[in-house]
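Please walk through this structure with me, one chain at a time, and then look at where the chains meet.

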Amino acid sequence: MRETLRVALVVAEKDLRVELRSRTAFISAVTLAALILLVFNFARDAAVVSREALAPSVLWVTLAFVGVTVLNRSFAVERENGALDGLLLAPVSRSAVFLGKYAANLVFVLVVETLTVLLVVLFFGADLRGTLGAILATVFLASAGFVAVGTVFAAMTARTRFAELMLPLLLLPFLVPPVIAGVQVTTRLLAGRPVSEIAGWLRILGLYDIVFFTLGLLVFPSLMDE
Amino acid sequence: MPSSTPSEPALLEASDLERRFGAARALRGVSLTVRAGECHLVAGPNGAGKSTLLRLLAGLARPSAGTVLLEGRRLAGRPLRARQVAPPAEPALRRHIGLLSHQSQLYDDLTAGENLAFAARLHGLDHPEDRARSGLAAVGLAERADTPVRKLSRGMIQRVAFARAILHEPRLILLDEPFTGMDPVSSDAVRERLDALLRTGCALVLVTHDVLEAWELASHAHVMVRGEWMRSGPRGASMDGFLHEYREVVRA
């Protein structure tokens, strides 16, 4: 277990270092978030839909696309120069590699998502005073599961010719549960509804996380064999 | 030319390897036994299946049929005689393999030193930064430790990739066109390093089109055409003879 965590940390540290150097995924994800929010902002008919009413849906749709963008990059760096072979040849368990990739993806997705939440405040004037912490916790809960699914699918598509196209096609259907739950929770939080109204949705998110994290851990090693 | 005795136990034993991609058969019944101190030169035309063979020997791909044993333990494939073969490879078995493929396996955005230190950490080596520094020094790139890989020339990248492949002191080193892009001085340095490794008991499987570069290292020479050995065995004394045989086989 200790060795698994050591290797996971080594892999995660490398992934974050590569991203900090290149900033490829960070810049494209934040730019995409800003563009989506801008489009929604101008596409909204102010006479029919208020900005506050639209904010939760726009937030979660943006988070979904931003998440896919970030996850697409996760194995792209391993594809370049055949670096994945170097990882797979190392005397470490594939599960440790999954944990490392997962941890780096989760950290990175959460950083970009936090910025996205702040952009939503900027573009949609959402009043997050008193609810920012709860919304960020919900974002974390939703991300923990879909990053696990995304890490598995990113690994699965890494050796395909159309990896950038395949990942969104595979991943987006799996984003439906966390997006629905996220919208429901955020809407109620912004409306100042009691916690009892969101408890059920939070349980769904927790269950989603447990199921897909466990599946990811079990499935990932076999996906790595050609 | 380092030598070994047939009585020595095999370090690597590949038996009747086949690899199919759909209907196409990239490898057809290829067997190879490699002992410590041997260097097996594998030549063949483009698309012959040489790189596929290396991936199977490294355990990066599973054979459609046949078995690869490393130190008597199953690295890939189904056991030929289940009772006599140990369980499938555990991660520790991969510690004995070093692979220099036609891709560098390096991260462009990391420096040469960071790439090697990462590899050292993955392999659980002590003092990874020191190992990275000495690895780069061994290929004459100590002064490039802090240069991002994307800013290195092709030949330098190949030398860093070579340093990465042997960093953890593997017993079996698999090389796919190791001298590509290198200047003559660098090629000589790498060849000398390989020769030194052979003398310490390492074994090499060296895939190349450039027989001239690798001839002096080789103890065995093989020619692969369309996924099959057309010639396989001790290399013989004359390189010209081998090249003549190679051309005849390929033309046929």
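Buried residues make up 45% of the 226 residues in chain A. A residue counts as buried if 20 or more other C-beta atoms lie within 10 Å of its own, as exposed if 12 or fewer do, and as partly exposed in between, with C-beta atoms placed from the backbone. This is a predicted model, in which local features need pLDDT of at least 70, side-chain atom pairs count only at pLDDT 80 or more, and totals for chains, interfaces and linings use all residues. Residues are numbered from 1 along each chain as its sequence is written, while chains are lettered from A and ligands numbered from 1 in the order in which they are written.

Chain A has 8 helices and 0 strands. Helices (H or I, at least four residues) and strands (E, at least two) are DSSP runs, numbered from the N terminus. The radius of gyration of chain A is 18 Å, close to the 17 Å that the globule rule gives for 226 residues, so chain A is as compact as a globular protein of that length. That radius is taken over C-alpha atoms, and the rule is 2.2 Å times the number of residues to the power 0.38. The C-alpha atoms of chain A fill a box of roughly 60 × 35 × 25 Å along the principal axes.

Next, the contacts. Two residues are in contact if their C-beta atoms, placed from the backbone, lie within 7 Å. Among contacts in chain A with a separation of 6 or more, 84% join residues 24 or more positions apart.

Now turn to chain B. In its helix 1 (residues 50–58), 8 of the 9 residues are buried, so this helix is largely enclosed by the rest of the structure. The buried set includes Lys50(B) and Arg55(B). Gly59(B) follows the helix, with a positive phi near 80°.

Leu57(B), from that buried set, also belongs to the largest nonpolar core, which has 150 residues. Such a core is a set of buried Ala, Val, Leu, Ile, Met, Phe, Trp, Tyr and Cys residues joined through C-beta atoms within 7 Å. Leu57(B), Val160(B), Leu174(B), Leu204(B) and Leu206(B) touch the most other members. Helix 5 (residues 94–124) of chain A supplies the largest share of this core, 15 residues. Beyond its neighbours within four places in sequence, Val160(B) contacts Leu106(B), Ala112(B), Asn115(B), Leu141(B), Val149(B) and Leu152(B).

Finally, the chains meet through 22 residues from chain A and 24 residues from chain B. Helix 1 of chain A gives the most to its side, with 7 residues.
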